[in-house]
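Hello,

Here is the structure I promised to pass on to you. Have a look at it first, and then read my notes below.

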Amino acid sequence: MKAILFFLARALVLLAAVAPAAFAADAYPSKPIRLLVGFPPGGPADIAARIIALGLQDIIKQNVVVENRTGAGGNIATQFVAQAAADGYTLLAATASFTLNPLISTNAGYDALKDFVPVALVATQANALAVSSSVGAKTVEELQGLIKTHKMAVATSGVGTSSDLSATNLFKVLWASDVTMVPYRGAGPAGVALASGEPQIGFMTITGVLPLHQQGKVRILAVVNDKRLPGLPSVPTMAEAGYPQLTPSWTAVFAPAGTPAAIVKRLNEATNALMATSEFKEKFAQQAMLAADSRTPAQLVDYLRTEVQTWERLVKSAGISIKQ
């Protein structure tokens with residue numbers, strides 16, 4: 001009899017521990033969700049976040065509010081979400097800079113693998129090598145020759161972004177050129193600066209320059225992508241131009257570490273359902289992005305680890321020093 005009572009008591013204790021989390025997941029979401037972006041409007045993270053937010057609202061029947069908290073290469077928003085309550089109501093839409101910043105800075109303020117749980121990979125997007133319309137270069141090779149005799153500056157999407165690191169690798173390491181790197185607070189501002197002609201070169205996510213290229217204000221010479229973009233069939237990839245070591249960027253949604261697995265699973269499944277529809281694939285295609293294939297939270301953890309290892313190798317090969 002004592003054994004039975006002990007078993008029942010232990011079962012009640014376990015049930016009491018599990019019940020609150022299960023209830024929270026079942027009731028989720030009961031209020032609006034904040035989706036933070038660390039970059040200004042017009043960049044890939046912002047565009048992807050707004051596309052996803054509208055779709056999620058229809059599925060989870062709750063408002064998803066996109067909030068831009070810019071600065072420090074995305075770190076301000078990232079640090080805010082890392083310290084937020086792990087209840088699924090404060091999320092982060094981040095790009096590859098999310099994994100890069102802790103590798104190049106001692107005060108990034110977060111650990112990509114320990115302080116967050118990946119919710120969903122949303123899209124991949126190309127980086128673009130572009131020049132202002134006043135620059136005569138029509139190809140990557142012509143640009144390389146031009147910077148040997150002209151002092152030029154390169155606009156990037158921001159310190160610690162994939163475009164900034166890739167540009168450093170291309171111009172400083174592979175080309176050993178004397179260009180001035182000018183990081184902006186996102187792809188949008190970087191594209192606007194490039195269109196003005198100062199700086200004369202841009203290396204940023206495609207969303208920052210595609211509309212300007214279409215308007216004739218800038219010229220895209222090549223894209224960092226696995227294949228040519230459907231909307232730019234005549235523009236080669238950087239691999240075709242001889243630089244296969246450069247890799248494209250991505251946008252993903254993250255939650256603070258400790259967020260209940262049931263909530264992460266619900267958000268993951270809802271986002272994956274959106275990405276699988278032709279409507280949302282087309283929405284991303286219009287922005288020169290590729291909607292990501294469905295991945296489970298566990299698969300996303302493996303993906304994130306691989307990304308950290310890939311960028312870590314690139315940081316070392318580029319000889320980039322760790323910043324305070």
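How are H2 and H9 oriented to each other? Before the answer, two words on the source. This is a predicted model, in which local features need pLDDT of at least 70 and side-chain atom pairs count only at pLDDT 80 or more, while totals for chains, interfaces and linings use all residues. Residues are numbered from 1 along each chain as its sequence is written, and side-chain values use heavy atoms, with hydrogens and water left out.

Now the answer: H2 and H9 are roughly perpendicular to each other, a label for angles of 65 to 115 degrees (under 35 counts as roughly parallel, over 145 as roughly antiparallel, and the rest as oblique). Helix H2 covers residues 44-60 and helix H9 residues 261-275; they pack at an angle of about 115°, and their axes are 10 Å apart. Axes here are lines fitted to C-alpha atoms, for helices over the stretch in contact, and angles run from 0 to 180 degrees between N-to-C directions. Helices (H or I, at least four residues) and strands (E, at least two) are DSSP runs, numbered from the N terminus.

Which residues meet there? From H2 come Ile52, Gly55, Leu56, Ile59 and Ile60, and from H9 come Arg266, Ala270, Thr271, Leu274 and Met275; contact means heavy atoms within 4.5 Å. By class, this contact of H2 with H9 has 7 nonpolar, 2 polar and 1 charged residues. Ala, Val, Leu, Ile, Met, Phe, Trp, Tyr, Cys and Pro count as nonpolar, Asp, Glu, Lys and Arg as charged, and the others, Gly among them, as polar.

H2 has another partner, helix H10 (residues 278-285): the angle is about 160° and the axes are 11 Å apart. H2 and H10 are therefore roughly antiparallel to each other. In this contact Ala48, Ile51, Ile52 and Gly55 of H2 meet Phe280, Lys283 and Phe284 of H10. The residues involved divide into 5 nonpolar, 1 polar and 1 charged.

H2 also lies across a set of strands, namely E1 (33-37), E2, E3 (90-95), E4, E10 (249-256) and E11, and runs at about 165° to E2. These belong to an open sheet of 6 strands with mixed pairing, in the order E2-E1-E3-E10-E4-E11; two strands pair if DSSP finds at least two bridges between them. Its edge strands are E2 (64-68) and E11 (289-291), each pairing on one side only. Strand E4 (residues 116-125) pairs with E11 in the antiparallel sense over 3 bridges, and Ala123 stands opposite Ala291 in E11.

There is also an open sheet of 5 strands, again mixed in its pairing, with the order E7-E6-E8-E5-E9. E7 (180-183) and E9 (218-224) are the edge strands. The twist averages 25° from one strand to the next. Strand E6 (residues 153-156) runs parallel to E7, joined by 4 bridges, and Ala155 stands opposite Val182 in E7. Helix H6 (residues 162-174) packs on this sheet, touching E5 (127-132), E6, E7 and E8 (201-205), and its direction makes about 140° with that of E8.

Finally, the whole chain: how many helices and strands does it have? There are 11 helices and 11 strands. The C-alpha atoms fill a box of roughly 90 × 40 × 30 Å, taken along the principal axes.
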